Amino acid sequence: MATHKQDEFVVETAKTRTKPPPFYKVLLLNDDFTPMEFVVVVLQSFFGMDRERATRIMLQVHREGSGVCGVFPKDVAATKVEQVLSFARQHQHPLACVMEEN
């Protein structure tokens, strides 16, 4: 805190800290119908992953039930979820994509 003296008055400058915005994880959820190759395409197309990383995440989704695609600010995460869901529906796959606070 800085203190400045002006004539007879003391002016104090208070520093305020703003809390950084929360980040959200975007997750893909496993199902028994969406082809593994389609999940890899989604990860490459919407999350900018190379084929190797996309395959590792796809296998995690398959084996563990879910996988993290990325961590983003709330509005970006919501947009990614909507893009993935829309793309999956266009291709008639029930792929689920959700976001949760990090």
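Modeller: Buried means under 20% relative accessible area, exposed means over 50%, and partly exposed is in between, with a 1.4 Å probe and protein chains only. This is a predicted model, in which local features need pLDDT of at least 70 and side-chain atom pairs count only at pLDDT 80 or more, while totals for chains, interfaces and linings use all residues. Residues are numbered from 1 along each chain as its sequence is written, and side-chain values use heavy atoms, leaving out hydrogens and water.

Colleague: Why is Cys97 called buried?

Modeller: Its relative accessibility is 4%, so Cys97 counts as buried. Cys69 also has 4% relative accessibility and counts as buried.

Colleague: How do you know whether Cys69 is bonded to Cys97 or too far for a bond?

Modeller: A disulfide is a pair of cysteine sulfur atoms within 2.5 Å. The sulfur of Cys69 is 5.5 Å from that of Cys97, its closest cysteine sulfur, so the two are too far apart for a bond. A search of the whole structure finds zero disulfides.

Colleague: What makes Phe38 and Phe87 a stacked pair?

Modeller: Rings of Phe, Tyr and Trp (its six-membered ring) pair if their centres lie within 6.5 Å; planes under 30 degrees apart count as stacked, over 60 as edge-to-face and the rest as tilted. Phe38 and Phe87 are 5.3 Å apart, centre to centre, with 10° between their planes, and the pair is stacked. Phe38 lies in helix α1 (residues 36-47) and Phe87 in helix α3 (residues 74-90), so the pair ties together parts 49 residues apart in sequence. Helices (H or I, at least four residues) and strands (E, at least two) are DSSP runs, numbered from the N terminus. Both Phe38 and Phe87 are buried, and ring pairs link Phe38, Phe46 and Phe87 into a cluster.

Colleague: Why is the pair of Phe47 and Phe72 called tilted?

Modeller: The ring centres of Phe47 and Phe72 are 6.2 Å apart and the planes stand at 35°, so the pair is tilted. Phe47 is in helix α1 and Phe72 in strand β4 (residues 66-73), 25 residues apart. Phe47, at 13% relative accessibility, counts as buried, and so does Phe72, at 18%.

Colleague: Which charged end sits over the ring of Phe47?

Modeller: That of Lys80, 5.5 Å from the ring centre. A charge sits over a ring if NZ of Lys or CZ of Arg is within 6 Å of the ring centre and within 35 degrees of the ring normal.

Colleague: How do you know where the buried residues of α3 lie?

Modeller: Ala77, Lys80, Val81, Val84, Phe87 and Ala88 are buried in α3. Seen down the axis, the buried residues fall within an arc of 135°, so they line one face of the helix. The arc is that of the directions from the helix axis to the C-beta atoms. On the other side of α3, Asp75, Glu82 and Gln90 are exposed.

Colleague: What covers the buried residues of α3?

Modeller: The cover includes β3 (23-29), α1, β4 and β5 (96-101), where contact means heavy atoms within 4.5 Å.

Colleague: What makes Gln92 worth a note?

Modeller: Most residues other than glycine have a negative phi. Phi of Gln92 is near 60°, a positive value in a residue other than glycine. Gln92 lies in the loop between α3 and β5.

Colleague: Is Gln92 buried or exposed?

Modeller: Gln92 has a relative accessible area of 72%, so Gln92 is exposed.
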